[in-house]
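Here is a short briefing on a protein model. Look over the sequence and the structure first, then read on.

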Amino acid sequence: MARAAAAKPLVEPIPAARRRMSLGRRVLHWALPVYTALAVAYLLLPIAVMIIFGFNNPAGRFNFTWQGFTLANYASVFNLPALNTALTNSLIVATISTIVATALGTLIALALTRYQFRGRGPVNLLVFIPIATPEVVLGASLLAMFLAVGMARDIGTITIAHILFNISFVVVTVRARIAGYDRMLEEAAMDLGANEWTTFRKVTFPLIFPGVLAAALLAFALSIDDFVVTLFTAGQTTTFPLWVYGVSRFGVPAEVNVMGTIIFAIALVFILGYIVIQRRSAGSQATLPASIRAPEAER
Amino acid sequence: MTAIGGARARPTLGRRLRSAAPYLLLLPGGLWLLVFFFVPMATMFSMSLQEGTLATGFQLTFNFEIYPEVIQRWSTQLVRSFQYAFMATVAAILIGYPLAYTIAFRGGRFKSILLLLVILPFFTSYLIRTISWKFILADQGFVLGTLKEIGILESGFHVLATGTAVISGITYNLLPFAVLPIYVSLEKIDKRLLEAAGDLYSSRISTFLRVTLPLSMPGLFAATLLVFIPGFGDFVNAEFLGARDTTMAGNVVQRLFLTNNDYPQAAAISFLMMGLILVGIVLYTRLVGTEELTR
């Protein structure tokens, strides 16, 4: 009580000082937030333009000036067979490459974080180099190999290429997650008689699952948006980015903006859903994941 | 009882399995990386040493002279790729650092929202973002067109089809890759260090220069690589926002490989780019690097 009374006069001068903040200080105080607002606006400007021009009623194939509001583009976008094929291909490639790359990458991440073994250095390099390679070089080298062995380029070669660049990103993402957890939880499970498989299923996997999920989301996003590597490995097959590239060379039809807007909206819903799930589980996961506590509850 | 019996029988097999475990875990993914990364690189190198045409077929003649030839012929594009990537890297860091700084130190409860806004451009396709800039910067588009009508700009002024447009495009597209690692390294800084500097009568500027900036070096290092490498290989921005005199090495690879079917030259430039990047990374890592990169 006495201490609080003594502290009071010490605390008070601060608001007074803040009120008397000099002009220079005030400018400094507001400069960063204002700058941030401008920078965010800059980042979002092309997205706004994409959305707005999806409602434009263009005069010709060029969609560069505002002509008038229309919803017609949203009706016509689903009547383009070439776009439907491209979207289907993109979804197939993204789904398969996400599943395979997430599985293979998670195994590598487990090996790198849970075991000491000879050859870690080379393996780290093996994982890192594909990330450090410019996409155009990655695409060109794959094309060189497919040409050399006479392999026809189609949806299969695209998927092979997407799995390749996704593996490294999965390893990096999952490893970051595993590095942060307590190995002793696994040792405790083994001490309590769980075998390796049970330990993995009940302890390790629930712990790394958020990392695996984040890696899978990243892999899916990278695959569905990939243009450069796909261009080199696609042959006559089209994916969504290749369709955009094809039609944009002869002027940009409004359907490009419409499809871009729809994909943007879907991605936004997914990420907001992911955030909500993370927030909700954050409370219970602060200490241990639910599945570890489950046996206790059963008792 | 059964558990103990099982444990007693296991040791030799278990120990053997455990020592093999990391290799078993590595096997499928490692094979994929070897077969679809290193084999293609080797194939591309061998392709660069071949001679011939698509019609007559290509023969491996160990034509090492192709490398000096390619360097001489496409030096403009190679140098331009380096310049554009360098300028985009500098621009992305100048724009991105204050943004990352504000989010890390002043973000408060808006931190996650601001981070989400920074990665929001990734929710649209790379191509569509670039095409959007073509809309924005179009000669008679709503920005330049309006400014010209008011009379602020003369009617001949244009941004599209210039090097500036290409560099701006690369900067824009890669800006989040600069912001995120810098943000992460700033976020890790123990705030008490900054308070301590203040208590020791360090001015805000010298606190920034002597505490904050050095501690954010790992982030800056990652940011430069994450912007420079894709910028160096980029050809999408040059294709949509540039003109014939702004083509980059990536455009050359694309044209030679996919349009002209001149595989040996395309392979040689591509391999050269890979070599330049790797040498660049090694030198850069030696100079300012941190070990965090490959760990």
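Helix α7(A) has 14 residues, and 12 of them are buried, so the rest of the structure largely encloses this helix. Keep in mind that the model is predicted.

**Helix α7 of chain A**
- The helix covers residues 135–148 of chain A.
- From first C-alpha to last, α7(A) reaches 20 Å, close to the 20 Å expected at 1.5 Å a residue.
- The buried residues run through Glu135(A), Val136(A), Val137(A), Leu138(A), Gly139(A), Ala140(A), Ser141(A), Leu142(A), Leu143(A), Ala144(A), Met145(A) and Phe146(A).
- Gly150(A) comes just after the helix and takes a positive phi of about 65°.

**Where chain B meets chain A**
- Contact between the chains involves 64 residues of chain B and 65 residues of chain A.
- Several helices of chain B each supply at least two residues of the side that touches chain A, among them α3 (66–106), α10 (217–233) and α13 (263–288).
- The largest share of that side of chain B comes from α2(B), with 17 residues.
- By type, the side of chain B that touches chain A has 48 nonpolar, 14 polar and 2 charged residues.

**Two loop residues with positive phi in chain B**
- Ala161(B) sits in the loop between α6 (144–150) and α7 (163–188) of chain B.
- Phi of Ala161(B) is near 70°, a positive value in a residue other than glycine.
- Is Ala161(B) partly exposed or exposed? Ala161(B) has 16 C-beta neighbours inside 10 Å, so it counts as partly exposed.
- Asn261(B) belongs to the loop between α12 and α13 of chain B.
- Asn261(B) is not a glycine either, yet its phi is positive, at about 55°.
- Asn261(B) counts as exposed because it has 12 C-beta neighbours inside 10 Å, and a residue is exposed at 12 or fewer.

**Domains of chain A**
- The contact between them takes 4 residues from domain 1 of chain A and 5 residues from domain 2 of chain A.
- On the side of domain 1 of chain A that touches domain 2 of chain A, there are 4 nonpolar residues, no polar ones and no charged ones.

Notes: Residues are numbered from 1 along each chain as its sequence is written. Chains are lettered from A and ligands numbered from 1 in the order in which they are written. This is a predicted model: local features need pLDDT of at least 70, side-chain atom pairs count only at pLDDT 80 or more; totals for chains, interfaces and linings use all residues. Two residues are in contact if their C-beta atoms, placed from the backbone, lie within 7 Å. Helices (H or I, at least four residues) and strands (E, at least two) are DSSP runs, numbered from the N terminus. Ala, Val, Leu, Ile, Met, Phe, Trp, Tyr, Cys and Pro count as nonpolar, Asp, Glu, Lys and Arg as charged, and the others, Gly among them, as polar. The expected span of a helix is 1.5 Å times one less than its number of residues. A residue is buried if 20 or more other C-beta atoms lie within 10 Å of its own, exposed if 12 or fewer, and partly exposed in between; C-beta atoms are placed from the backbone.
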